[in-house]
Amino acid sequence: MSARDRIKETNPAFYERYSMLEDTDEFWEFIIRPLRQSIRVNTLKAPLEVVVERLEEEFELQQIPWVREGFFINVDNLAKVPEHSLGLVFGQEASSMIPPVVLGPKPGELVLDMAAAPGSKTGQMAQYMNNEGCIIANDPKISRANVLIANLNRMGVLNTRVSVKDGVYFARFENRFDRILLDAPCSSVGMIRKKWRFLTEWRMKEVVRYMNIQKRLIMAAYRALKPGGTLVYSTCTIDPIENEEVVDYLLRKTDARLERIDLPVKTSEPVLEWEGRTYSEELRKALRIHPNDNDTEAFFIAKIAKPEGGA
């Protein structure tokens, strides 16, 4: 049975909706093809070259084009890699390394990671900050926050405080943060390659529920951002109402503007019209990544700037 037929049989409504987005055999095949294992070398614990040299004695590494410390690795289980249990490398999906690269936090800055668990992106940002400055890593669920803390400890992250709040709480800290990452909770269509249940359990009403959460979170994040600061909004889904719709909502409600993202990554065309709605041409600057573009999870990334003197 073809991938297309398997998806159509498993969840007809899912197939019908996303065939309007892209309807190639390659697209359907990559939506369910198992993911390649990828890792990020944790330079908080050892120099990149030292770790790479050690790994290459035993494994084949392939550089991920858009992140210097990211590699595909030919291993089916990271438990077989001692460097993983030591926190020298961290298992992280290749496209999920893009948002921290785009955000570009620097040592000494105050950064908010609004939906941080399980912490792979938080650790990546701490790495770019050389453990200097401060990251507030937030997650609304205590169970997920505990996983976040364990992962940050293993990575040797020292500049991060963990909070357990609804992300909207941070709206009260107006114009406070230099940079904010909102890797928003979403319907996880891009992660079917990792967990089949994201296909079997997909329901349109859940997509709408997530969209409403995302709109609340992005408005709160923008309010908390300093004028001149950068907000990165990302999801691991392909649904336009969780991606372009949410960023378009922010653009219409505030003085936010989008910045172009220049990375060696293949992308799909951003969606500027969907279900009778037209979105801002600014959204051409966002990255829409389908699983078949780079053989990764799907991702959407928008880099948002708050003008100096903005509100």
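Keep in mind that the model is predicted.

Let's start with helix α8, which covers residues 142-155. Now look at which residues of the helix are hidden: Ala145, Leu148, Asn151, Leu152 and Met155 of α8 are buried. Because they cover an arc of only 125° around the axis, they sit on the same side of α8. What do these buried residues of α8 pack against? Their partners are β1 (38-41), β4 (89-91), α7 (120-128), β6 (134-138) and β7. Turn to the face of α8 pointing away from the buried side, and you will find the exposed residues Ile142 and Asn153. Just after the helix comes Gly156, with a positive phi of about 75°.

Ile142 leads us on to the surface. Together with Ile149, Val162 and Val164, Ile142 forms a nonpolar patch there, and the four share about 300 Å² of accessible area. Val162 belongs to strand β7, residues 160-163. Its relative accessibility is 31%, so Val162 counts as partly exposed.

For a contrasting spot, find Leu112 in strand β5 (residues 110-113). Leu112 has a relative accessible area of 0%, and is therefore buried. Beyond its neighbours within four places in sequence, Leu112 is in contact with Ile136, Phe170, Phe177, Arg179, Ile180 and Leu181. Leu112 and Thr160 are 48 residues apart in sequence, yet their C-alpha atoms are 9.6 Å apart in space.

Methods. Residues numbered from 1 in each chain as written. Predicted model: local features only at pLDDT ≥ 70, side-chain atom pairs only at ≥ 80, totals over all residues. Heavy atoms only, no water. Patch = residues over 30% accessible without salt bridge, like charges linked within 9 Å, V, L, I, M, F, W, Y side chains within 5 Å. Areas by Shrake-Rupley, 256 points an atom, 1.4 Å probe, with all protein chains shown as cover. Salt bridge = Lys/Arg side-chain N within 4 Å of Asp/Glu carboxyl O. Helix = DSSP H or I, 4+ residues; strand = E, 2+ residues; numbered from the N terminus. Buried < 20%, exposed > 50% of the residue type's maximum accessible area, 1.4 Å probe, protein only. Expected span 1.5 Å × (residues − 1). Arc of directions from axis to C-beta. Contact = heavy atoms within 4.5 Å.
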